[in-house]
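Take a moment with the sequence and the 3D view before reading on. Keep both open as you go.

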Amino acid sequence: MFGPIVLCLGLLLPPWCGANGEQCGCPPEFPNAEAEYTELANGFFVGYSCVEGYESTISELTLGCLEDGSWSTGNIVCSVPDCGQPPEVPNADISEGETSIGSTRIYTCQSDFYMWGEPNSITCLEDGSWSDTTIGCHLVINVALKRAASQSSTHETCEASNAVDGGKRDEYLYCSHTKEDDPAAWWMVNFGAEAVVIETRLANLDIFVGTDATHVAQCAHFDGPGGPSSIEMILCTAPVSGRFLRITGGGADCSSLSYKYPILTLCEVEVIGFFPTPIECDAQSFQCLTMLCIPISEQCNQVDECGDYSDEEGCPCAAGWFKCPDTFDCITGEWVCDGIIDCGSGADEEECGSSLYRNLKSDIL
Ligand SMILES: [Ca+2]
Ligand SMILES: [Ca+2]
Ligand SMILES: [Ca+2]
């Protein structure tokens, strides 16, 4: 009788894989892997590796023919190389697509975030890894808010910090103001760390020229919020990275006026940009949305130390008090619908006839 004839398809048959059924018979086959047989003094071995164009997480698999006539066990999975899911970038979305070699995926930043670094896309390389990118998506904020400001000279109490206090009142006492005898007026803010500036918004900027503080004439004016036109926005030609921003009075054309030196008056300067390197606050500090660090004790104290109210957002008012939705101030419930505006926006006097507010009032009183 003949023994069973075993055909090992696709493999070059070694003498011990076949007709006589000796030893272990044919070794297992794995898709897209090629086998190489070796006969050593201590037995038969077969090594597997992936055919060209395929890859495995293990470089090679070796099985041996055991004394009981079976092959030792093992597995090799050969597949087309793939980069896997592309790396996530915080606050970025990534385009849909393949993960195979040559695939390209594109990052876009979510709204309110600005892309910094390059390139904005990654490609799956031959070695199964994604190409590098340095991009990050950064929250766009007013990097000047409540930062240290200085100016070439100060008229009365019109300090440089008035221009970065978050208030946009245009009476000059609430603005920064240089002296009338200052031959080269400038104002400067220190962001405290390297920032990227995209745009500068000047609210109620006046450039005056005069012989003294009371005898001045306006030579340039930019309206801010509440003025007849929208806030003046000065876009950088391209985003600029730096730690200081300086505004000088010398650039205005005051030639039609007979006064000697320009006076620089800035009611509010908003510097729109971001900090490319995150600013870490210490454990005793609270971090404002503008990245400013303030003492934890100043969080929820009903004073806007951050300048954007981010230290007062989400803080509860005491029972019987009403939270103004714009300034996050707490006002006593008795002031709701009493005919006097107590919240900046007048929210405590809005819709007083509606059941919503009647209920609100009865809820908090
Ligand atoms: Ca101000
Ligand atoms: Ca506070
Ligand atoms: Ca009221």
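The paragraphs below go through sheets, a loop, nonpolar cores and some backbone angles.

This is a predicted model: local features need pLDDT of at least 70, side-chain atom pairs count only at pLDDT 80 or more, and totals for chains, interfaces and linings use all residues. Residues are numbered from 1 along each chain as its sequence is written, while chains are lettered from A and ligands numbered from 1 in the order in which they are written.

Start with the sheet E1-E2-E3. Strands here are DSSP runs of E with at least two residues, numbered from the N terminus. Two strands pair if DSSP finds at least two bridges between them. Three strands make up this open sheet, in the order E1-E2-E3, and the pairing is antiparallel. Its edge strands are E1 (33-40) and E3 (61-64), each of which pairs on one side only. Strand E2 (residues 43-50) is joined to E3 by four bridges in the antiparallel sense. Look for Tyr48: it stands opposite Leu61 in E3. Neighbouring strands of this sheet are turned by 20° against each other on average, direction ignored. Such angles use axes, which are lines fitted to C-alpha atoms, and run from 0 to 180 degrees between N-to-C directions.

Now move to another open sheet. It has three strands in the order E4-E5-E7, again with antiparallel pairing. Strands E4 (92-94) and E7 (121-123) are the edges, and each pairs on one side only. Strand E5 covers residues 104-109, and three bridges join E4 to E5. Ile94 stands opposite Tyr107 in E5, and Ala92 has Cys109 as its bridge partner in E5. Three bridges also join E5 to E7, which run antiparallel. There, Ile106 stands opposite Ser121 in E7.

Which residues of E5 are on its covered face, and which on its uncovered one? Arg105, Tyr107 and Cys109 form the covered face; Thr104, Ile106 and Thr108 form the uncovered one. In a regular strand the side chains alternate between the two faces of the sheet.

Next comes the loop between strand E6 (113-116) and E7, where Asn120 has its place. Asn120 is partly exposed, because 15 other C-beta atoms lie within 10 Å. The cut-offs are simple: 20 or more other C-beta atoms within 10 Å of a residue's own make it buried, 12 or fewer make it exposed, and anything in between is partly exposed, with C-beta atoms placed from the backbone. Asn120 touches Ile106, Tyr107, Met115 and Ile135, not counting residues up to four places away in sequence. Contact means that the C-beta atoms of two residues, placed from the backbone, lie within 7 Å. Asn120 and Tyr107 are 13 residues apart in sequence, yet their C-alpha atoms are 5.5 Å apart in space. Pro119 lies in this loop between E6 and E7 too. The peptide bond from Glu118 to Pro119 is cis, with omega near -10°.

Two other residues also call for a look at the backbone. Most residues other than glycine have a negative phi, and most peptide bonds are trans. Lys146 has a positive phi near 65° and is not a glycine. Find Lys146 in the loop between strand E9 (141-142) and strand E10 (148-151). Lys146 counts as buried because it has 21 C-beta neighbours inside 10 Å. Cys300 is not a glycine either, and its phi is positive at about 60°. Cys300 sits in the loop between strand E17 (293-295) and strand E18 (321-323). With 17 C-beta neighbours inside 10 Å, Cys300 counts as partly exposed.

Finally, turn to the nonpolar cores. A nonpolar core is a set of buried Ala, Val, Leu, Ile, Met, Phe, Trp, Tyr and Cys residues joined through C-beta atoms within 7 Å. The largest one has 33 residues, and those with the most contacts inside it are Ala144, Ala163, Val189, Leu266 and Val269. Strands E12 (186-212), E14 (232-248) and E15 (261-274) are the elements that give two or more residues to this core. The largest share, eight residues, comes from E15. Why does this core lie between domain 3 (142-274) and domain 4 (285-364)? Both domains give residues to this core, so it lies between them. Domain bounds come from an automatic or database domain assignment. A second, separate core has seven residues, including Ala33, Ala35, Cys50 and Ile76.
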